[in-house]
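Reader: I am new to this structure. Please show me how to read its features.

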Amino acid sequence: MRHLYVNGTWTPSASAEGIDVVNPATEEVIDRVPAGSPDDVEVAVAAAREAFGAWSATPAAERGKLLATAAELVTERAERIARIIATDLGAPYGIALKVHTVMPAGVLASFARLAETYDFDGERVGNSRVLKEPAGVVGAITPWNYPLHQVVCKVAPALAAGCPVVLKPSEVAPLAAYALAEIFDEVGLPPGVFNMVAGLGPVVGEAIVAHPEIDMVSFTGSTRAGRRVAALAAETVKRVALELGGKSACVILPDADLGTAVKAAVAGAYINSGQTCSALTRMIVHRDQYDEVVGLAVEAAGRYTVGDPFAEGTRLGPLASAAQRERVVHYINRGQEEGARLVAGGTERPLDVGYYVSPTVFAGVAPGMTIEQEEIFGPVVSIIPYVREDEAVEIANGTPYGLSGAVWAGSEERAVAVARRLRTGQVAINGGRFNPMAPFGGYKHSGVGRELGTYGLEEYLEIKALHL
């Protein structure tokens, strides 16, 4: 069984319990990590608290250099790390390399640069000087769907800001976090600056959130779990950043290039087997073009080959766990029960072994249906008709979530006009690419705070005014 990483060393857990890591493509156990305990959290938090003074006083440029070296090592080991992610998460290897590994390496490098260039104490407001200081010891709790990227999005800005970290990675796909911990160990982060305690959310996660010596918690996961994190954190009045669920809409206006828009919308729904909080799971299209769009979506879905993550041509890997497959199957059944029309995919297993779900498309979806309102977290897209533009906006805004979205139109000006009306944290305009330096986060039940770039760094900073 693997160890924990605490106070600069690999150390066994105080708990003798372990958690099996399963390859979702083969259903075989491939590793075992500790089921950490509150005692483990206590030791990790004490190490982080001890490290805070020296690390926060370390010149930001020096912190940046250590992060830059770590980013270089992630890049050098990208193929190996991608194989790890393809194995314990099930992402197709090409996606595991490009999206799950190379992208977070770039994000890590971006925070290294920010640490060196950000003005932590130079702002002037009248007779006052405004300082940006480290928030303190950070507890970071990350999900399984982007097992390296989500860790980097929290740990990198926290370290750049001068905050030591206690990380709890997901127990479902924890091995990329272990690879990153090995790199942090090699680059020479001072003891206690980075700590990692594997384990279950209700045990390790809650111990981190409730700990009085944790000054801030950054959590990514379901909205239900986010509510629990916020409630626990409130007991000690600590700062909380929450990146939660989504039910993002792709609004296709009548003058858009339908073929391009539908192809991109389906890709936005199926990326990472649909296990993406910002997935474009709702396609909102004009009634006059509805049948054509449904046909295009079915055709696009048919091009998503389901298979082994390491097989050439695989575009859709398995879901991450048996529980996740059961969840998605439940929603597919619910959609049919409520009257939606299944036009592609369904609940039958496309392969005999592995937690696979076929790329699924629902037509005849009406606002308010369960599959239109709730986050499914699988390769399922719902197509909803509208008549007026105002109706399209109303449908897009008509869920509890507001994380992401997309608008396609014949002109950028028209698409931007609609995008401005969407209550969501980011909107792709006519296929605009994801920007890892732009702020990422959501409105409403999709969370509180932002990740990435300068906005992500500032989540980990307190503000002090000196009146001169």
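Author: Start with contact, which means heavy atoms within 4.5 Å. Helices (H or I, at least four residues) and strands (E, at least two) are DSSP runs, numbered from the N terminus. This is a predicted model, where local features need pLDDT of at least 70, side-chain atom pairs count only at pLDDT 80 or more, and totals for chains, interfaces and linings use all residues. Residues are numbered from 1 along each chain as its sequence is written, and side-chain values use heavy atoms, with hydrogens and water left out.

Reader: Which residues of α3 and α4 meet?

Author: From α3 come Ala78, Glu79, Ile81, Ala82, Arg83, Ile85 and Ala86. They meet Tyr93, Ala96, Leu97, His100 and Thr101 of α4. Sort them by class: Ala, Val, Leu, Ile, Met, Phe, Trp, Tyr, Cys and Pro count as nonpolar, Asp, Glu, Lys and Arg as charged, and the others, Gly among them, as polar. The contact of α3 with α4 then has eight nonpolar, two polar and two charged residues.

Reader: How do I describe the way two helices pack?

Author: Two packed helices are described by the angle between their axes and the distance between the axes. Axes are lines fitted to C-alpha atoms, for helices over the stretch in contact, and angles run from 0 to 180 degrees between N-to-C directions. Helix α3 (residues 78–88) and helix α4 (residues 93–117) cross at roughly 115°, and their axes come within 8 Å. Their crossing is right-handed (the near helix is turned clockwise from the far one by less than a right angle; anticlockwise is left-handed).

Reader: At what angle do α5 and α6 pack?

Author: About 25°, with the axes of α5 (residues 149–161) and α6 (residues 175–187) 11 Å apart. That makes α5 roughly parallel to α6. The cut-offs are these: under 35 degrees is roughly parallel, over 145 roughly antiparallel, 65 to 115 roughly perpendicular, and the rest oblique. The crossing of α5 and α6 is right-handed too. Val151, Val152, Val155 and Leu159 of α5 meet Ala177, Leu180 and Phe184 of α6. By class, that contact has seven nonpolar, no polar and no charged residues.

Reader: What about α9 and α10?

Author: Helix α9 (residues 258–270) packs on helix α10 (residues 290–301) at about 50°, with axes 9 Å apart. That makes α9 oblique to α10.

Reader: How is empty space found?

Author: Rolling a probe the size of a water molecule over the atoms shows where empty space is left. On a 1 Å grid over the protein atoms alone, a cavity is a set of points where a 1.4 Å probe fits but cannot get out, and a pocket is an open set with protein on both sides within 12 Å along at least five of seven lines; lining residues have an atom within 4 Å of a point. Grid points are joined across faces, edges and corners, and a volume is the space filled by probe spheres set on the points.

Reader: How many cavities of 30 Å³ or more are there?

Author: Three, in a search of the whole structure. The largest cavity holds about 100 Å³. It has 15 lining residues, with Ala249, Arg282, Ala396, Ser404 and Thr424 closest to its centre.

Reader: Which element gives the most to the lining of the second largest pocket?

Author: Helix α8, with six residues. That pocket holds about 1,100 Å³.
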